[in-house]
Amino acid sequence: MSHGRACAARIRERAAHEGWPLIHTAAQIATCCQVPPLRAWRLAHGMPLEEAARRLIEICAETGLRQPKLHKGDLSKYELGRTPVPVWMIDPLCRLYRARPDWLGFGGDYSQGDPDATQATPFRTPFPLDKPDHGGHRKSHSLSFSGIGGSDDMRRRELLHQMLVTSGLVLTPSHLVATEQTRQRLHEATTGSGIPADILDRLEGLIPGYERRFYELAPVPRLGALLTDFDEVAHWLGHRLPVMTQRRLWRVAAHLAELTADTLYVLGQGRHGAAWLTTARTAADEAGDRTVATWVRASQAVHAVLDEDDPARGLAYVQEAQGLSRTPSPGTVLAFAMEASAHAKRGDDAATHFAFSRAKDALERVPAQQQRSGIWGYQDRKLQAAISNAMTRLGRTREARAAQTEVFRQYPAHSLTYVTARFDQAKCLIHDKDFDAGCASAARTLLDLSPEYRTPLVLNRAREVLLLLPEKHRNRPAATELRDILTTAQRA
């Protein structure tokens, strides 16, 4: 089991507190802990292997079945599919766990009488059965794993919940499909009626909630939380609502979609991130909020310039953002900063400095209340991070280091902004011909991060340090050590 018995115990506690049915508890354990249904049901009952084996023997005696010589190790092998489960033992197992055979993974429910019947069957993981072949010999018979069953909506929500509770970094194709389905649901908003005022207030309250805790969440759990919340917003947008209520919800959707895009980029899923930014843009336009719409277009420029290495497209987004702004807003300042970064990528020193001067002028004219947000506001510390990156690219190490000092002082050590500035610091050392110190600094930055923050985007930033080395210096011991650390982190 991936998470251990403690994880299953936490799920049982939550189930008891919220009054879940037993089948839902077992489904949550199967999904979160990545265990087969038979084991998930035992854990849902909180039953140790020894107790389960003993009670199975008692059930067999009570029902007049043969007395199995069953030990906890035998039951464990049944649960993991390592030993075929005797057909005659299916009924005792169903009695023990108070479940149907298909819920325990033995076959499936193919009934057609009740259209909601499959919703009550969240397991489709057939176990090997002790079945005789045509010659009368007994052999193992198993079917391929097909994952958690139930309705499409149920499976999608389970996958989103899985991202919410896991601490790993691996996104499977199923997770990405669930991500895309969640995004598309917003565009299917066509019918319905009304939304309670308390729910609307709670959904709008999601935004300040993320402003407070965004940087405290590791990327994968963060993505799970965002998609779960976005899913609820999309659900209510599927109702017929008053225009002003719709606009309030579209604004929440725009913010959540933009954060989702940012998180997907961090996890190395640029194509999906770009799609979510398009959704954020659509939502911001539907909300009729120029400030949010400007920010989203500036965010598109960020990822085009910094993550996709496409300064020309980034400048096109910058022009769109600047064209929307009647008065300076945080998005306006971000757009000027990205204009400077695009020019720095092209090596245009004068244009870079001019764009930064416009950014500083715009920042002075942004109202103070709009600057406060740690995510959608724009403070001087964000401008210093942009200056660090651009000046590093231009090889202006003195100016870059001055900006880095401010970033290190004002950002948490695990934030992407802080980590990126650390890699800028390593690049400055290489620009100054201190190759070993630059590689050592980048290696130390990676090692200081906990595994859940060593995302694909962070690893790419570290590779940029290696690529900056002159060819003849790429086999130095410090460079080799950095390359080894990168390889190990990539495999993890």
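**View 1. Arginines over tyrosine rings.** In this predicted model, R213 sits over the face of Y210, 4.9 Å from the centre of the ring.

**View 2. Two tryptophans, W41 and W103, form an aromatic pair.** In the pair of W41 and W103, the ring centres are 5.9 Å apart and the planes meet at 5 degrees, so the pair is stacked. Where do W41 and W103 lie? W41 belongs to helix α3 (residues 37-45), while W103 is in the loop between α6 (90-97) and β2 (129-132), so the pair ties together parts that are 62 residues apart in sequence. W41 is buried, with 1% relative accessibility, and W103 is buried at 15%.

**View 3. F230 and W276 form an edge-to-face pair.** The two centres are 4.8 Å apart, with 75 degrees between the planes. F230 comes from helix α11 (residues 219-237) and W276 from helix α13 (residues 270-287), so this pair links parts that are 46 residues apart in sequence. Are F230 and W276 buried or exposed? Both residues are buried.

**View 4. Stepping back to the whole protein.** The protein has 24 helices and 3 strands. Of its 492 residues, 51% count as buried. Its accessible surface comes to about 23000 Å², and 50% of that belongs to carbon and sulfur atoms.

Notes:
Residues are numbered from 1 along each chain as its sequence is written. This is a predicted model: local features need pLDDT of at least 70, side-chain atom pairs count only at pLDDT 80 or more; totals for chains, interfaces and linings use all residues. Side-chain values use heavy atoms; hydrogens and water are left out. Helices (H or I, at least four residues) and strands (E, at least two) are DSSP runs, numbered from the N terminus. Buried means under 20% relative accessible area, exposed over 50%, partly exposed in between (1.4 Å probe, protein chains only). Accessible areas come from the Shrake-Rupley method with a 1.4 Å probe; for residues, only the protein chains shown count as cover. Rings of Phe, Tyr and Trp (its six-membered ring) pair if their centres lie within 6.5 Å; planes under 30 degrees apart count as stacked, over 60 as edge-to-face and the rest as tilted. A charge sits over a ring if NZ of Lys or CZ of Arg is within 6 Å of the ring centre and within 35 degrees of the ring normal.
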